[in-house]
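Here is a friendly briefing to read alongside your model. Have the sequence and the structure open as you go.

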Amino acid sequence: MEILLATFTTLFSIVNPFSAMPVFLTLTADDRASERARTALRACIYMVAVLSVAFFGGQYILNFFGINIQHLRIAGGILLMRSAFELLTPGANRDRVGPDALEESKHKDDISFTPLAMPMLSGPGSMAICIGLIRPTYVDKALTVLGFALVAFAAFLILLFSLRLTRVLGKPGMAAMARIMGFITLAIGVNFLASAVAALFPGLTR
């Protein structure tokens, strides 16, 4: 249960489905509610698939390139801290999808994989975290994937009710939510960085 909770809390703040709501609403503005729900469901299923591939294949990728897991955690921590600062900085550019890609997506029949699943929900930060989540037993691995599924379910609910949430929260509420998620993401990034440095240089913690 501890692994399940740790996976969910770590990934949810990094996936941050609230930041995907504006793009989701823009790209599905002309869709019916049922079509919007199917798009959100497909995007979340794709997200679980992408994160699972990163989780199970990450160790092989590290071995192929000769990268130590602690090095990856340092890189992931820096990446998370950068994303967190963008969320915490007023007026910073927090768009995960550029204007050109957004305009191109408006003409696509299916936006569930790109840009929703990638890079909105499962971007480089979340994939880096999944690669770093090495679990020793099959039970732990299964609980980790279940954590991915719980994050996807939460993201699906948020996207499904994104129109109502946007109306209820408004711009001030969305900005406050971004600050909260940014602060949590910053703390996770610092933890990843500190734990990796402590593992590489144990003498520093004595």
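The expected span of a helix is 1.5 Å times one less than its number of residues. Helix H8 has 23 residues and runs 33 Å from its first C-alpha to its last, close to the 33 Å expected. Please keep in mind that this is a predicted model.

**Confidence**
- Across the chain the mean pLDDT is 83, and 89% of the residues reach 70 or more.
- Which helix has the highest confidence, and which the lowest? Helix H8 (residues 138–160) is highest at a mean of 93, while helix H5 (residues 99–105) is lowest at 59.
- Where pLDDT is low, the predicted coordinates should not be read in detail.

**Annotated transmembrane regions**
- An unreviewed UniProt entry places the feature "transmembrane region" at residues 44–65, 116–136, 142–163 and 183–204.
- In the model, residues 116–136 are 71% helix and 0% strand, with the end C-alpha atoms 31 Å apart.
- Residues 142–163 are 95% helix and 0% strand, and here the end C-alpha atoms lie 33 Å apart.

**Helix H8 and its neighbours**
- The buried residues of H8 include Asp140, Thr144, Gly147, Phe148 and Phe156.
- Also among them are Val151, Ala152, Ala154, Ala155, Ile158 and Leu159.
- What do the buried residues of H8 pack against? Their partners are helices H1 (2–15), H2 (21–27), H3 (33–65), H6 (112–121), H7 (124–132) and H9 (162–200).

**Gly58 in helix H3**
- Gly58 is found in helix H3 and is buried, with a relative accessible area of 1%.
- Leaving aside residues up to four places away in sequence, Gly58 touches Val53 and Ile131.
- Gly58 and Ile134 are 76 residues apart in sequence, yet their C-alpha atoms are 8.9 Å apart in space.

**Salt bridge and cysteines**
- How many salt bridges does the structure hold? There is one, and it joins Arg32 to Glu35, with the closest N and O atoms 3.2 Å apart.
- Arg32 counts as exposed because its relative accessibility is 55%, over the 50% cut-off.
- Glu35 has a relative accessible area of 24%, so this residue is partly exposed.
- A search of the whole structure finds zero disulfides.
- Are Cys44 and Cys130 buried or exposed? Cys44 is buried at a relative accessible area of 4%, and Cys130 is buried at 0%.

**Backbone features to look at**
- Most residues other than glycine have a negative phi, and most peptide bonds are trans.
- Asn16 has a positive phi, near 45°, and is not a glycine.
- Asn16 sits in the loop between H1 and H2, and it is buried, with a relative accessible area of 2%.
- The peptide bond from Thr114 to Pro115 is cis, with omega near 10°.
- Another cis peptide bond joins Met118 and Pro119, where omega is about 5°.
- Where do the two prolines lie? Pro115 is in helix H6, and Pro119 is found in helix H6 too.

Terms used. Residues numbered from 1 in each chain as written. Predicted model: local features only at pLDDT ≥ 70, side-chain atom pairs only at ≥ 80, totals over all residues. Heavy atoms only, no water. UniProt positions renumbered as here; feature names shortened; annotations may be inferred. Helix = DSSP H or I, 4+ residues; strand = E, 2+ residues; numbered from the N terminus. Salt bridge = Lys/Arg side-chain N within 4 Å of Asp/Glu carboxyl O. Buried < 20%, exposed > 50% of the residue type's maximum accessible area, 1.4 Å probe, protein only. Disulfide = S-S within 2.5 Å. pLDDT = per-residue confidence, 0-100. Contact = heavy atoms within 4.5 Å.
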